[in-house]
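Dear colleague,

Please find the structure below, together with its sequence.

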Amino acid sequence: LKSPYSGGHLEVIVGPMFSGKSEELIRRVNRSVIARQRAVVFKPAIDNRYHVTRVASHSGQSAEAVAIDTTANARAYLSGEGGLFGLPTDLPDVVAFDEAQFFDAGLVPLALELADQGARVILAGLDLDFRGEPFGVMPELLSRAESVEKLTAICMVCGAPATRTQRLIGGEPARFDDPVVLVGAQEAYEARCRVHHQVKY
Ligand code: ADP
């Protein structure tokens, strides 16, 4: 039995930074690999946090991954088109996407197609951005998923369960309209609860 669901389905893992989304994705993927299922993990090429060809969690676990620019690259990889990454392949048992919030809108139809074809599709990502607003494709994935897990981190101010990601620039809460990429700025992110999550306007 592959899963509690018959055939393919979508599993979404969300929460703030440091809530263990990558840990949970890696745990699910590594279990399936131990059970001799074929798994492919994709991650956005912009995230080369630790390794180019692995996904890594903040606590050190990792799994093999393919870094891609667009979901079209994932399609090409899975169909073996154009020899982009390798040989033609059969549909893997498990297809996982880490940092799913950074993928383009094509992730939704791709995930649905893979599930319809019988794959277990695991998608991990931030449900909210640093402003506390729904992040990119995540709302639609959450709606369409068979299974949703919302993880929490620990608030760095009070120790309560943290559901938000605090963005700090030079030690101060970031402004609502601060650009997502700030060149040369001293930036940091912290897990915070609703009470201690601050956004300047
Ligand atoms: P995510 O993918 O959600 O950013 P990771 O799986 O990469 O999370 O990392 C989770 C790990 O982060 C935890 O197991 C813990 O070691 C570490 N960590 C760092 N700060 C915190 C925090 N404030 N609350 C909980 N875990 C934290």
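Strand β1 (residues 9–14) pairs with β8 in the parallel sense, over four bridges. Within this pair, Glu 11 stands opposite Ser 147 in β8. Strands, like helices, are DSSP runs numbered from the N terminus (strands are E runs of at least two residues, helices H or I runs of at least four), and two strands count as paired if DSSP finds at least two bridges between them.

The model is a predicted one, in which local features need pLDDT of at least 70 and side-chain atom pairs count only at pLDDT 80 or more, whereas totals for chains, interfaces and linings use all residues. Residues are numbered from 1 along each chain as its sequence is written, and side-chain values use heavy atoms, with hydrogens and water left out.

The sheets

Both β1 and β8 belong to an open sheet of six strands with parallel pairing, in the order β5-β2-β6-β7-β1-β8. Its edges are β5 (66–68) and β8 (147–150); each has a single partner strand, so one side of each is left without a neighbour in the sheet.

An open sheet of three strands, with antiparallel pairing, runs in the order β12-β11-β13. Here β12 (172–173) and β13 (187–192) stand at the edges with a single partner strand each, so one side of each has no neighbour in the sheet. Strand β11 (residues 164–169) pairs with β13 in the antiparallel sense over six bridges, and Ile 169 stands opposite Glu 187 in β13.

The ligand

Which residues are closest to the ligand? They are Lys 21, Ser 22, Glu 23, His 58 and Ile 154, among 16 residues that surround the ligand (a residue is counted if one of its heavy atoms lies within 4 Å).

- A polar side-chain atom of Glu 23 lies 2.5 Å from an oxygen atom of the ligand.
- For His 58, a polar side-chain atom lies 2.7 Å from a ligand oxygen atom.
- A polar backbone atom of Ile 154 is 2.9 Å from a nitrogen atom of the ligand.

Taken alone, the ligand exposes 580 Å², of which the protein buries 76% (accessible areas by the Shrake-Rupley method with a 1.4 Å probe). Two or more residues of the shell come from each of α1 (21–34) and β9 (153–154), and α1 gives the largest share, three residues. Domain 1 (9–151) and domain 2 (152–201) each supply at least three residues to the shell; the domain bounds come from an automatic or database domain assignment.

With kind regards

Methods. A polar contact is a pair of N or O atoms within 3.5 Å; within protein, one must be able to donate a hydrogen and the other to accept it, and residues adjacent in sequence count only if both atoms are side-chain atoms.
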